[in-house]
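Here is my note on the model, point by point. Please read it with the structure open.

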Amino acid sequence: MSQSAVKQSVASQLQYSVARGTFDEMTGPDGQRRPHWAEFLAAIATLPDGALQKRLEKGLRLIRDSGVTYNVYGDKAGTDRPWELDPIPFLIGADEWRGIEDSLIQRATLLNLILHDLYGAQKLLKEGYLPPALVFSHPDFWRPLHGASLPRDTSLVLYAADIARSPDGRWWVIGDRTAAPSGAGYALENRIITARIHPDIYKKLWVERLAPFFLKVQETLLRLSPRQGDMPRIVLYTPGPYNETYFEHAYLARYLGITLVDGDDLTNRGDRVYLKTLNGLRQVDVIIRRTDDGYCDPLELRSDSSLGIAGLVQAVHAGTVSVANGLGASVLESAAWLAFLPRLCRVLLHEDLKMPSVATWWCGQKTELNYVISNLDKLCVRQLLPSLAQPLCGRNLSSAERANLIARIISSPYNYIAQEIVSLSTAPLWNMNRLEPRPVVTRIHLASYRGSYVAMPGGLTRVAPADGLSTVSMQHGGTSKDTWILSEKPVEPITLLRPAGAPSKLVRGARDLSSRVADNMFWMGRHLERSELTTRILRAALARQVEGAGLGQEETLAIVLSMLTMCGHSVTGDQAENTMPPCEGERRHATPPRRPHESVIRQVIRIHGDPEHSSGLGHSICHLQRIATVVRDRLSLDTWRAIRRLAETVRCTGRGVVSQTDGSQAADGDLDEMLLRLNEVIQMTEALSGLVMENMTRDMSWRFLDAGRRLERAIHVLDLMATTISCTTEDGPVLDVVLGISDSMMTYRARYLVPPTLVPLADLLLCDESNPRSLAFQLSALQEHMDAICADRMPGTFTAEQKAIIAMLATVRTLDLESPLSVGSANTVIGTICRDMTLKLRTLSEILNRQYFTHAVETLPLFTQPEPRASS
């Protein structure tokens, strides 16, 4: 096909039109496609009808399966808002990229020199190149950091610039990101997804790879370590899972092979920063900071911060830890600096600024203030503090609003800037099965590398939600694009994985697990097990409601609901009196309650589907998903997907009964549907447990996760047995219920050819170590975990947690249930065992919390040498 024929075919299929006077990235002013887009458009034009929409849907599915999220504060979607990605990449030609790369390397170098001077000699202030009010009035200029040690004279290790194209086609910088620039991880994930939805086009075009940039980032981080000669310990310091870009923090930590930490994971001892691990404290050498400067140290910076590390500034001054980016770097993110960069570039680099910034006037200077007031209709005014204040365009203001704005500017001129009204270029966005031009801004990332800077050959391109907007933000409905830098020659595939044949040091197992991760894994296991066990009781209740009175299920249904209540779960509402036996305080014998109305069952299911109800199934699942989000860098993709699908299934189960809570009769099919949903939940929890058992490496994180499961199951078995003896004084239907909930019916029937009786059931659920649902099995597994976790103990001695497990196992193994016992005496023995064991298991949980999840004082494992410390 000739080039003209391709153009006609593309034009007919894409039907893309651009507004007059707007620079479009794909289409020139003459309506012709730009040369570097030709090959991509030709490939798109050959796709059959509907293929591009299917590729979009595939990309969205990959995003959901991978759990790519972007948190929007106050948004109803909360921490689960899926990332938005357009299937049409943003293309930049090779010649144009060279100019962008060269300009931004110059800019990063300039900003690093400015930071070095601001927190050092301050010559720019002394010689009059900068007004003091610009610096000292800024809340992100932190005086405690003046004179702080800089690793290799580099404060700006990572940098990002938001660039856009002016109407005349020139690139300009509209914002600098110097504190903790985000977006590189999202750009990498965008590339992975886009390459999967366009594998044919991606292979055909010569697109620059992103991996070489991250390899250089790794090398830079290693060079930042103050302790040369040793393998440095590098951590990525996140403010936590509620941060808008937390997904990226976890993603980059895994991709770069470093530890993800928050403030609680780190502590300062003797002017050094340490990571709290199961084996005590380990010195940290390099911190990649994703937390705002002021929140990093409540002792020296913001005293109201609960995210920081007390004494971090002191450690930075001592030169024992390197922070990237350096604390205080956020001062350069103020838009006021854009007005001074051209002059500072000539002073510090002796050359002109290669890529201009959007024209900016800082009102703290008299000449600039007068110009802004005189030309307000042509400018957009922005308040510097608070930084989230929306800009005001003078031409859109009424006379009263204009006068009010001028008065505010005059009263505090240092807090205002004015900028030229930006008209962004447009790029094609796939929307409603067609291409539409939308304003775009591209974020380019750079990293310090061997005395200069290197740019990532790609970027995070953001697209405005509607045409004609002058700002683009993911917080306000924007979407993203992958950015393809086209090469003039074939591109070699590069990966962060070791090349074939390269020597490797063999490593098996690692005890360097942070206490926070161990804590979260432990509770993840507990919530996973709690969710399955709660669902089993709910299913037993609903199954008996579905079977109905004709099969004699009245008594057992009421008993199951009583079990649900007495095991700590909710059966609330006006109908609660119909389901709870009249007992208070200690569990005691009770007469079976009346058969509850069907509305009670629906109320129970609705409550347990509600994540806001503190004792419901939905609440446990919500906690499970939240913890999984925190430790997702430790979870496989399959495990993450399984958790998300489990959470969605439970939410659907709760929603399915909302309309039936008024007591009205519903079709049996509705109850059958709910029962099927509960069966799905159980299957999903079992599948998730299978992933944990079969796919997770037997390291310390797995041991704590499984220890949480075993402890929770042990407590559940004891609660179930205690509830059993309190619900009836003789053998009856309750024992069938217990065997069904414990998934032990087949085992009991294979051993005993008689209806269930109390003593054999107690032996099966309490003492039989071959039954994976028994108390003895859980204690045996816990003993194995404690022995592995406490491997560094002094030979011949036992820790508190080991002693607790040994004592409980001895009690269970020596429990005599074969002696002739009356029903009453059997109840007494079993009830005493249940009460004592439950108390001891909860005590064990507290011991683990004190020993491994919190560190009040520095501890080092016995018979190991403490790590060498560099001299100050």
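1. Start with the hairpin. β2 and β3 form it, with 5 residues between the two strands. Gly-169 sits in the turn and has a positive phi of about 95 degrees. Keep in mind that this is a predicted model. The pairing of strand β2 (residues 158–165) with β3 is antiparallel and runs over 6 bridges. Ala-160 stands opposite Arg-177 in β3. As for cover, 5 of the 7 residues of β3 (residues 171–177) are buried, so the strand is mostly covered.

2. Next, the parallel sheet. It is open and has 4 strands, in the order β5-β4-β9-β10, with parallel pairing. Its edge strands are β5 (259–261) and β10 (322–324), each of which pairs on one side only. On average, neighbouring strands of this sheet are turned by 30 degrees against each other, direction ignored. Within the sheet, β4 (residues 234–237) and β9 (residues 286–289) pair over 4 bridges, in the parallel sense. There, Tyr-237 stands opposite Arg-289 in β9.

3. Strand β14 (residues 416–420) deserves a look for its two partners. Strand β11 (residues 360–362) is joined to β14 by 3 bridges, and the two run antiparallel. Trp-361 has Ala-418 in β14 as its bridge partner. Strand β12 (residues 379–383) is also antiparallel to β14, and 5 bridges join them. Here Gln-383 stands opposite Tyr-416 in β14. How many residues of β14 are buried? The count is 4 of 5, and the strand is mostly covered. As background, side chains in a regular strand alternate between the two faces of the sheet.

4. Most residues other than glycine have a negative phi, and most peptide bonds are trans. The peptide bond from Ala-324 to Asn-325 is cis, with omega near -5 degrees. Asn-325 lies in the loop between β10 and α12 (341–348). His-350 is not a glycine, yet has a positive phi of about 60 degrees. Arg-450 also has a positive phi, near 50 degrees, and is a residue other than glycine.

5. Arg-450 is in the loop between β16 (434–449) and β17 (452–455). At 58% relative accessibility, Arg-450 therefore counts as exposed as well.

6. Is Asp-768 buried or exposed? Its relative accessibility is 12%, so Asp-768 counts as buried; the cut-off is under 20%. The Asp-768 side chain makes a polar contact with the side chain of Ser-770, at 2.6 Å.

7. Helix α25 (residues 775–789) passes a simple length check. With 15 residues at 1.5 Å a residue, the helix should span 21 Å. The end C-alpha atoms of α25 are 21 Å apart, which agrees. At the start of α25, a side-chain oxygen of Ser-774 reaches to within 3.1 Å of the backbone nitrogen of Phe-777. The buried residues of α25 include Leu-775, Leu-779, Leu-782, Met-786 and Ile-789. Among the buried residues are also Gln-778 and His-785.

8. Last, two helix pairs. α25 packs against helix α26 (residues 800–813) at an angle of about 155 degrees, with axes 9 Å apart. That angle is why α25 is roughly antiparallel to α26; the cut-off is over 145 degrees. The crossing of α25 and α26 is left-handed. In the other pair, helix α3 (residues 51–66) and helix α7 (residues 184–197) pack at about 135 degrees, with their axes 9 Å apart. That makes α3 oblique to α7. α3 and α7 cross in a right-handed way.

Terms used
Residues are numbered from 1 along each chain as its sequence is written. This is a predicted model: local features need pLDDT of at least 70, side-chain atom pairs count only at pLDDT 80 or more; totals for chains, interfaces and linings use all residues. Side-chain values use heavy atoms; hydrogens and water are left out. The expected span of a helix is 1.5 Å times one less than its number of residues. Buried means under 20% relative accessible area, exposed over 50%, partly exposed in between (1.4 Å probe, protein chains only). A polar contact is a pair of N or O atoms within 3.5 Å; within protein, one must be able to donate a hydrogen and the other to accept it, and residues adjacent in sequence count only if both atoms are side-chain atoms. Two strands pair if DSSP finds at least two bridges between them. Axes are lines fitted to C-alpha atoms, for helices over the stretch in contact, and angles run from 0 to 180 degrees between N-to-C directions. Angles under 35 degrees count as roughly parallel, over 145 as roughly antiparallel, 65 to 115 as roughly perpendicular and the rest as oblique. A crossing is left-handed if the near helix is turned anticlockwise from the far one by less than a right angle, and right-handed if clockwise.
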